[in-house]
Amino acid sequence: MTITIILAAAIMLILALLMGYVLGWANVKFHVFVDPRITAISKALPGANCGGCGYVGCNEYAEAIVNDGADVNLCAPGGDGTAEAIAEIMGVEIGSSIPSRPVVHCSAISSQRLKQNEYLGEQTCTAANLVAGVQGCVYGCLGFGDCIDACDYHAIKIIDGLAQIDYQNCVGCGACVKACPRNIISMVPFKSNKILAVKCASKDFGKEVSDVCEVGCIGCKACAKNSERFTMDGNVPVIDYENYDPENDSMDIVLEKCPREMLIWVGRDVS
Amino acid sequence: MDYVGSLILLAINAALINNFVLHYFVGICPFVGVSRRVDVALGMGLAVTFVITIAAFLSWTLTWFVLQPNAPLTSWIVHTINPNSEMVVDLSILNYIVYIFVIASSVQFVEMFVRKFHPPLYKSLGVYLPLITTNCAILFACLEIMKHVSGVGAGAWTLDKALILGFFGGIGFLIAIVLMAGIREELDLCDVPAPLKGAGITMIIAGILAMAFMGFTGVDSGLAGILMRGGG
């Protein structure tokens with residue numbers, strides 16, 4: 001009996017040693033070389049896996065930087081700090097990165113929207129957008145907050161039925177742009193902390209706009225006549241952000257001429 | 001020729017007639033879990049075949065030389081210590097733990113191998129690769145081999161039979177999982193009734209597939225007749 005127990009123990013021990021040796025050998029032999037830079041970049045990235053850079057996740061982006069030479073400044077949540085850290089790891093210079101931030105092209109709070117009807121359906125913008133007559137304006141914000149659900153950074157609030165972006169928290173991932181069924185949120189390059197934005201998306205003529213909204217753009221073209229930065233698209237002005245330089249372009253005259261106060265400074269307060 | 005005939009019979013038996021998945025119903029979890037796409041299913045099937053063959057080799061070797069009652073190694077040790085001893089050392093109690101141990105080690109080995117040489121396969125197999133460790137089809141093969149080796153006496157299986165059972169058992173698993181993946185790929189295009197979507201229809205397909213394989217039952221006796229007669 002004793003010899004059986006001793007033999008059993010000895011055989012298990014020998015087997016364990018043998019298997020351990022084989023696996024240890026295989027571990028060295030089949031070692032997969034992972035570029036240390038990929039590991040370092042993965043650590044430098046915020047790890048939010050938001051997809052804002054255009055890759056599936058932070059690890060994919062790190063691999064793309066090292067293997068395919070992707071730009072180091074694509075990470076919106078990480079911002080300049082992350083870009084600098086990655087640039088240091090890769091030993092490259094950062095191109096100047098202008099952050100993109102969303103702008104809501106609507107400024108009417110719910111009391112300023114006319115011809116509203118009671119809507120009792122599912123309380124999401126996507127559902128309400130399918131129903132005619134929830135409110136007079138078919139372009140403006142519905143205020144059910146699909147964009148809030150899309151935002152991972154608590155950077156959107158609905159105030160008085162209008163989506164407002166908190167630029168202190170916003171990282172520019174663009175999730176809200178995709179979430180809005182009326183496509184009134186667009187990404188805009190913020191060349192300084194505060195820039196001008198057109199806060200209306202209505203393409204209707206002035207009469208129809210003033211029928212359904214107290215504040216909407218009536219398409220008077222005053223801005224386009226006074227500044228070459230503005231062009232009319234349908235009946236709504238569009239700012240040429242490519243050439244727009246918020247530091248040097250003086251927009252005082254345009255702001256003065258706009259009868260509906262449709263041009264609004266957006267962005268964060270400089271702290 | 002009789003001997004070769006019995007080997008062929010054993011191979012067909014393991015792969016088709018007594019298919020591990022569809023006749024004994026072992027190894028169901030990867031069968032359902034990894035059968036979404038044919039190429040991944042093929043990779044899984046090949047990985048299982050590889051592991052099962054290695055495990056069959058190791059388990060036969062260990063059972064034959066070490067674990068069975070009066071095995072060569074143990075009886076040699078006993079006789080070296082005390083030449084007059086009539087004692088029979090039986091280490092069969094170690095069977096299960098040794099098999100699990102061997103399977104786990106070979107799965108680890110395969111994982112490292114696949115990670116090194118087939119990174120896309122490694123990615124697509126995901127968590128199911130380490131899960132081969134707990135794949136009951138492999139333990140089943142080991143136990144089947146044990147049944148025919150440990151304490152059988154004269155009719156005990158030789159190594160080639162154990163290897164054929166392991167390898168063709170794995171091939172049987174491969175056939176079953178690839179068939180399943182093919183059907184499920186086509187099924188994505190079908191209008192499955194809402195209550196049956198997902199797991200429900202998968203179970204029904206698996207059942208029908210198992211019934212189809214039941215059609216092989218009884219083929220072995222006829223086949224044995226042909227093979228043995230042909231061998232003369």
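**Contacts, interface and side-chain pairs**

Tutor: Leaving aside neighbours within four places in sequence, B:A176 is in contact with B:N19, B:V21, B:L22, B:F31 and B:L209. Please bear in mind throughout that this is a predicted model.

Student: Is B:A176 buried or exposed?

Tutor: B:A176 is found in helix α9 (residues 159-187) of chain B. The relative accessible area of B:A176 is 0%, so the residue is buried.

Student: How far apart in space are B:A176 and B:L209, C-alpha to C-alpha?

Tutor: B:L209 is one of the contacts of B:A176 beyond four places in sequence. The two residues are 33 residues apart in sequence, and their C-alpha to C-alpha distance in space is 8.3 Å.

Student: Which element gives the largest share of the side of chain A that touches chain B?

Tutor: The contact takes 19 residues from chain A and 25 residues from chain B. About 1900 Å² is buried between the two chains, with 87% of that area given by carbon and sulfur atoms. On the side of chain A, the largest share is 14 residues, and they come from helix α1 (residues 2-29).

Student: How many residue pairs are in polar contact between chain A and chain B?

Tutor: The side of chain A that touches chain B divides into 15 nonpolar residues, three polar and one charged. Between chain A and chain B the count of salt bridges is zero. For polar contacts, with both residues at pLDDT 80 or more, the count is one residue pair.

Student: Which residues of chain B does A:F30 touch?

Tutor: A:F30 is found in the loop between α1 and α2 (36-44) of chain A, and at 11% relative accessibility A:F30 counts as buried. A:F30 also belongs to one aromatic cluster with A:W25, B:F50, B:F109, B:F113 and B:F117. Not counting residues up to four places away in sequence, A:F30 touches B:F109, B:M112, B:F113, B:K116 and B:F117.

Student: With which side chain does the side chain of B:T63 make a polar contact?

Tutor: B:T63 has its place in helix α3 of chain B and counts as buried at 0% relative accessibility. A polar atom of the B:T63 side chain lies 2.4 Å from the backbone oxygen of B:S59. At 2.8 Å, the side chain of B:T63 also makes a polar contact with the side chain of B:Y99.

Student: What is the phi of A:H154?

Tutor: Most residues other than glycine have a negative phi. A:H154 lies in the loop between α6 and β2 (156-159) of chain A and is exposed, with a relative accessible area of 64%. A:H154 is a residue other than glycine with a positive phi, near 55°.

Student: What is the phi of B:N70?

Tutor: B:N70 lies in the loop between α3 (38-67) and α4 (72-81) of chain B. At 45% relative accessibility, B:N70 counts as partly exposed. B:N70 is not a glycine, yet its phi is positive, at about 60°.

Student: How many residues apart in sequence are the parts that A:K203 and A:D233 tie together?

Tutor: A:K203 forms a salt bridge with A:D233, the closest N and O atoms being 3.6 Å apart. A:K203 lies in the loop between β5 (194-198) and α8 (206-212) of chain A and A:D233 in strand β6 (residues 230-233), so the parts tied together are apart in sequence by 30 residues.

Student: Why are A:D211 and A:K207 separated by about one helical turn?

Tutor: A:D211 forms a salt bridge with A:K207, and their closest N and O atoms are 3.2 Å apart. A:D211 is partly exposed, with a relative accessible area of 33%, whereas A:K207 is exposed, at 56%. The separation is about one helical turn because, in helix α8 of chain A, the two residues are apart by four residues.

Terms used
Residues are numbered from 1 along each chain as its sequence is written. Chains are lettered from A and ligands numbered from 1 in the order in which they are written. This is a predicted model: local features need pLDDT of at least 70, side-chain atom pairs count only at pLDDT 80 or more; totals for chains, interfaces and linings use all residues. Side-chain values use heavy atoms; hydrogens and water are left out. Contact means heavy atoms within 4.5 Å. Buried area is the accessible area (1.4 Å probe) that two parts lose on being put together, summed over both. A salt bridge is a side-chain nitrogen of Lys or Arg within 4 Å of a carboxyl oxygen of Asp or Glu. A polar contact is a pair of N or O atoms within 3.5 Å; within protein, one must be able to donate a hydrogen and the other to accept it, and residues adjacent in sequence count only if both atoms are side-chain atoms. Ala, Val, Leu, Ile, Met, Phe, Trp, Tyr, Cys and Pro count as nonpolar, Asp, Glu, Lys and Arg as charged, and the others, Gly among them, as polar. Buried means under 20% relative accessible area, exposed over 50%, partly exposed in between (1.4 Å probe, protein chains only). Rings of Phe, Tyr and Trp (its six-membered ring) pair if their centres lie within 6.5 Å; planes under 30 degrees apart count as stacked, over 60 as edge-to-face and the rest as tilted.
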